[in-house]
Amino acid sequence: MLKDKKVERVIVDLAKTLQPKQREPLPELEPVVPENNLKKVDKTPTAGFTQELGRAATLYSTAKNIQLQAFDNMKAGKPIDTVAMKEVADGFIDSVFRNQDALACMTRMREKDSYLIEHSVNVSIVMTIFARHLGLDRDVIHALATGALLHDLGKIGIPDSVLNKPSRLTDEEMDIMRSHVTLGYEVLKRSGELDPISLEVVRDHHEKLDGTGYPNFKIADELSSYARMITIVDTYDAITADRCYQKARNPITAFKILRAESGDSFDEELVTEFISCMGIHPIGTLVKLKSNKLGVVIKSNFINPLCPEVNVFYSLTNKSHIEPRVVNLSASNINDEIERSVKPDDFNIDMIKFFKQVLLP
């Protein structure tokens, strides 16, 4: 109706939001994927967050080790163990179907100087969560997760002087960097062991709808939903991670960038679905509360996205850790709210230490 009346923009004042005692579930958005793959998704966890988190941590560590072995094999000219990658993808799917919040939390616990390894693992996890949100069949999710694990394999063939350069790349260096896509794709294609969807993810993860991507400068009509999905997920994880030339930015900033470049670089409807899937404050995000405390989001609230469950553990007033406490911000007896997401470095918070000491059972 607003579009029909030529309204171009709506400003939402959250301070004036009414809080009814009972909320009707929001209608589910129609997934933007091939029609023959659509089905209704039941996201009800079959395992508790704490119960699944231990398994997710073990799986995440295993995935990083297998990823590291794949890079070593690539560097040495040895065959890539795609069977191991497929097994990791299976593990991701099983964990996400039990309780997706556990693996989602793992993607936020980043170690310094581990971007190349963690990035591919994180992209695969988030791709699995996104594909499930869209209601894709398990076989398709598996192919997408496997392709995401392998999508940056070609970067191991890029000289460190280019790969880890902290300043802007020259045009020549940029061409070298961009060659990682074709390099990885050709190696994996020759193996003959990957699903075409997995290869598509590797080949097209830097293509853009307007033809300004690389390496094949494809335009919208040449890019499937799967190719459009990987560009969104890959970009999101890159923005929210520390890289040699850029500090990590928070998820909301990443969402704004994806939204601003929708229509040109990214599929607008899929970006909307992705933000809906991840939540305004994604699992594992460090947030500052109105009560001047810090906490980590551990459970999304799809009915009221502004009020997730948060594990509160630090007082900014006293500048000290406090007894960790899980707070459901949507509970009627809780008079607190999220002010904004923050970066751990801003408050000298060691998220890995917090994860190991507080979240892990």
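These legends walk through several close-up views of a predicted model.

In this predicted model, local features need pLDDT of at least 70 and side-chain atom pairs count only at pLDDT 80 or more, while totals for chains, interfaces and linings use all residues. Residues are numbered from 1 along each chain as its sequence is written, and side-chain values use heavy atoms, with hydrogens and water left out.

**View 1. Helix α3, a largely enclosed helix.**
Helix α3 covers residues 115–133, 19 residues in total. Helices (H or I, at least four residues) and strands (E, at least two) are DSSP runs, numbered from the N terminus. From first C-alpha to last, α3 reaches 26 Å, close to the 27 Å expected at 1.5 Å a residue; the expected span is 1.5 Å times one less than the number of residues. Because 17 of its 19 residues are buried, α3 is largely enclosed by the rest of the structure. Here buried means under 20% relative accessible area, exposed over 50%, and partly exposed in between (1.4 Å probe, protein chains only). Just after α3, look for Gly135, which takes a positive phi of about 80°.

Rolling a probe the size of a water molecule over the atoms shows where empty space is left. Of the 17 residues lining the largest cavity, Ala104, Ile129, Met278, Pro282 and Ile283 are the closest to its centre. A cavity is a set of points, on a 1 Å grid over the protein atoms alone, where a 1.4 Å probe fits but cannot get out; lining residues have an atom within 4 Å of a point. At least two lining residues come from each of α2 (82–106), α3, α8 (225–239) and α10 (268–278).

**View 3**
In soluble globular proteins, nonpolar side chains tend to be buried together. The largest nonpolar core has 89 residues, and Phe92, Leu136, Leu144, Met229 and Phe274 have the most contacts inside it.

**View 2. Strand β1 and its partners.**
Strand β1 (residues 286–289) pairs with β2 in the antiparallel sense over 3 bridges, and 3 bridges also join β1 to the antiparallel strand β5 (residues 338–341). Two strands pair if DSSP finds at least two bridges between them. Val287 has Gly295 as its bridge partner in β2 and Ser341 in β5. Leu286 and Lys288 point one way from β1, Val287 and Leu289 the other way, and all are buried.

**View 3. From β2 to β4.**
In strand β2 (residues 293–299), 5 of the 7 residues are buried. β2 and β3 pair antiparallel over 6 bridges, with Val297 facing its bridge partner Val310 in β3. Strand β3 (residues 309–315) also pairs antiparallel with β4 (residues 320–328), over 6 bridges. The hairpin of β3 and β4 has 4 residues between the strands, and there Lys319 takes a positive phi near 55°.

Methods:
On a 1 Å grid over the protein atoms alone, a cavity is a set of points where a 1.4 Å probe fits but cannot get out, and a pocket is an open set with protein on both sides within 12 Å along at least five of seven lines; lining residues have an atom within 4 Å of a point. A nonpolar core is a set of buried Ala, Val, Leu, Ile, Met, Phe, Trp, Tyr and Cys residues joined through side-chain atoms within 4.5 Å.
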